[in-house]
Every structure is written in structure tokens, then in C-alpha cells.
Amino acid sequence: MTAPRLAIHDHMVELADTTRCRLLAALERQELTVGELASALQLPQSTVSRHLRILADQAWISSRAEGASRWYRRHPLLDTDMLGLWELVRSAMATSPGVLQDAARIDAVVAARRTGTQAFFATASAAWDALRTEMFGARADLAAALALLDPALVVGDLGCGTGVLSAALAPHVAQVHAVDASSAMLAAASGRLAAFGNVTVTEGALEALPLPDASLDVAVLMLVLHHVADPVRALREVHRVLRPAGRLLVTDMRPHTHERYRETMGHVWLGFAPEALGTWLREAGFEGMHYVPLPVDPAATGPALFSCTATMVPMPALVVA
Ligand SMILES: C[S@@+](CC[C@H](N)C(=O)[O-])C[C@H]1O[C@@H](n2cnc3c(N)ncnc32)[C@H](O)[C@@H]1O
């Protein structure tokens, strides 16, 4: 009576073929396509495919599809028997000239992947900005940079208008509270923001925000302060709804001379210089103001903008005599 075969004996059959061992060594070094394997190991594609099938059937390798290509690599989770067997075979093959040549040709195959990239960018620098915009849109970099935000943040978009900024922030933070005084603007915001589960849209004025004390980590006043008759009063109210050390971002116009905006768009202020804004912010309980003029978009027709950040400092409690 013969002893029953152990599972390891079956795997020995799979590794009893030199080509399969070379393929496994190659795929341990680098994830490759059939074409790349054929070129690196100097074998016909049909031979490579046949051996890959055997290796894949026994879970020596795994693969993934990408477009029209399939990428192979040594299976990352070989069982203990298979791993022990493979380590034995690999160390026996390690110094064979064939395997060393395979390794050198694999490195050349991978280097050839880079050649296409290098050739493209050697001539693309002049056209890249336009191509980038055409392929991914003009704001892709800024949209991506929002992922740097702390995902735990609770943000107030105060004077949210139609909700453009809230929509950009919502995927990256815990909660957005969008507030505006205009029901017509809020109707548009509600439509835009309906798909987000973490945005509230509420009617309210900057001077009497519909938010509890210390409920925001960040407050944003984007293109709204120039409409506000008493900026210090509004900034004090923003201070109330921010947590201690909460951050304020004011983005608005730098000082300009477009007087007609008062009639055409109801502007109260013709932009803000850092000195005036700094004074108001200190009066309202903010410190650490950082005012940065923003780069001018050549396609934009309005005044240049700035961004100004500041930190909420708790007011000393009133001592009642
Ligand atoms: C120029 S829009 C900017 C909207 C939006 N922040 C943006 O960047 O597109 C100004 C918005 O501020 C709102 N607003 C003006 N004064 C306000 C106030 N005192 N309180 C709340 N919202 C106000 C207006 O209703 C309008 O929607």
C-alpha cells in the first residue's frame, strides 16, 4: 500500500518546470504583463500564457485587469508549504546565469515603461497647462488640495450664496453649516447641496447666526463681508459660534475703485486693506491675522482678491461687580 500524497507533492510538480520557476522569480521581482514577461524571458507569448495558467490555477500568482492589459505578480499570500518550497527553489536558482539575465531584462522592460513618459514630457511643457485643463478641468489641483483638510472639522460657510464652496468642502470635512440671508440664494444652495449627507442649509444673517455658541472649528466668509454694514458686529457674532482657537477665513476683494458695484450689486465696501481688517478682527476677538493677496486669474474681470486667516481667542469673562 502506498502512502497518501501530501499537498506539497502537487506543488513540487508545479515547480518542477524551469520556465515556471523563472516566471515566478520574475513576478516576485515585478508586476508584469504577458507581453513584458515574454520579452524579458525571451519566450513566445503562448508559452508564457500556458505556464501562467498553471501557476494561476494553483494560486502561485495573482492578476488584475487594467484596461486591455492584465498584470501578474507572485501571489502575496502563499501558504506555508508553498512558501517554504518556493524559498528552497529560489535560493537554489538565485545565482544561475539565466535568472540573473532575466532580472536584468526585467529591469530594462520597466525602464522602457518610463521612456514613453519621458518622451512625452520632453516636448509637452508648452502645451501641458492647456492639456491638463482640457483633461481634468481648471480647478483639479485646488479640489485635490482640499483633501489636506482635517476630516473631523465642522465648518460654517457663512454667506454661502448658492453653495459652491460648501459643495467643495463637504466631501473632506465632518460637517458643513451653510448659512445665508437670501432665500433665493439658499434655494439654489439647497439644490446643489442636497446630495451631501453632512451639510445643513439654513437662512440667517451674519449678525445673528442660527448656530449655537462654540459650534464651529472653522468659519468661512467668502465674498460676503463687503455686503455687511457693520463688519465688527458680524465678526463678533462669528467669534461667538467658533470654538476657542477656531479658525476664520475671510476671502474678499482688495481695495478697488469700482464704485458702480454699490448700485449694481449692493456692495457696501470697496474692498478691504489689511490694516482696516486687522483692526476689526482684533476688536472682534481674533488674533494672528495672515492676509495674503491671491494670484490674479487672467480670465477674471473683477478686482483682485485676498485671503485672510485669523484665530479665535476667547474673550475674558465679564466680571459683574
Ligand atoms: C457675493 S455672494 C457670495 C456667495 C458665496 N459665498 C460665494 O462665494 O459664491 C454674497 C452672499 O452673501 C449673502 N449675504 C449678504 N449679506 C449677508 C448677511 N448680512 N448675512 C448673511 N448673508 C449675507 C448674500 O445673500 C449672498 O448670497
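**View 1. Domain layout of the protein chain.** The chain divides into domain 1 (7-131) and domain 2 (140-312). The model is predicted. The C-alpha centres of domain 1 and domain 2 lie 53 Å apart.

**View 2. Surroundings of the ligand.** The ligand is surrounded by 17 residues. Gly-159, Gly-161, Ala-181, Ser-182 and Leu-206 are the closest. By class, the shell holds 11 nonpolar, 4 polar and 2 charged residues.

**View 3. The largest nonpolar core.** This core has 42 residues. Leu-158, Ala-178, Ala-219, Val-238 and Leu-248 touch the most other members. E6 supplies the largest share, 5 residues. Another core, of 18 residues, lies apart from this one; Ala-26, Leu-27, Trp-60 and Trp-86 are among its members. In soluble globular proteins, nonpolar side chains tend to be buried together.

**View 4. Contacts of Ala-178.** Neighbours within four places in sequence are left aside here. The remaining contacts of Ala-178 are Asp-157, Cys-160, Gly-163, Ser-166, Ala-189, Leu-193, Val-199, Thr-200 and Val-201. Ala-178 is also one of the residues that touch the most other members of the largest nonpolar core.

**View 5. Helix H10 and its cover.** H10 spans residues 231-241. Its buried residues are Pro-231, Ala-234, Leu-235, Glu-237, Val-238, His-239 and Val-241. Strands E3 (154-158), E6 (216-222), E7 (242-253), E8 (286-293) and E9 (305-312) are among the elements that cover them. The cover also includes helix H12 (274-284).

**View 6. Asp-213 in its loop.** Asp-213 sits between strand E5 (199-203) and E6. Beyond its neighbours within four places in sequence, Asp-213 is in contact with Arg-240 and Val-241. Val-241 is one of the buried residues of H10. The C-alpha atoms of Asp-213 and Glu-237 are separated by 9.3 Å, although the two residues are 24 apart along the chain.

**View 7. Positive phi at Gln-42 and Leu-223.** Most residues other than glycine have a negative phi. Gln-42 has a positive phi of about 55°. Its place is the loop between helix H3 (34-41) and helix H4 (45-57). Gln-42 is exposed, with 9 other C-beta atoms within 10 Å. Leu-223 has a positive phi of about 60°. This residue lies in the loop between E6 and H10. Leu-223 has 16 C-beta neighbours inside 10 Å, so it counts as partly exposed.

Conventions:
Residues are numbered from 1 along each chain as its sequence is written. This is a predicted model: local features need pLDDT of at least 70, side-chain atom pairs count only at pLDDT 80 or more; totals for chains, interfaces and linings use all residues. A residue is near a molecule or strand if its C-beta atom, placed from the backbone, lies within 6 Å of it. Ala, Val, Leu, Ile, Met, Phe, Trp, Tyr, Cys and Pro count as nonpolar, Asp, Glu, Lys and Arg as charged, and the others, Gly among them, as polar. A residue is buried if 20 or more other C-beta atoms lie within 10 Å of its own, exposed if 12 or fewer, and partly exposed in between; C-beta atoms are placed from the backbone. Helices (H or I, at least four residues) and strands (E, at least two) are DSSP runs, numbered from the N terminus. Two residues are in contact if their C-beta atoms, placed from the backbone, lie within 7 Å. A nonpolar core is a set of buried Ala, Val, Leu, Ile, Met, Phe, Trp, Tyr and Cys residues joined through C-beta atoms within 7 Å. Domain bounds come from an automatic or database domain assignment.
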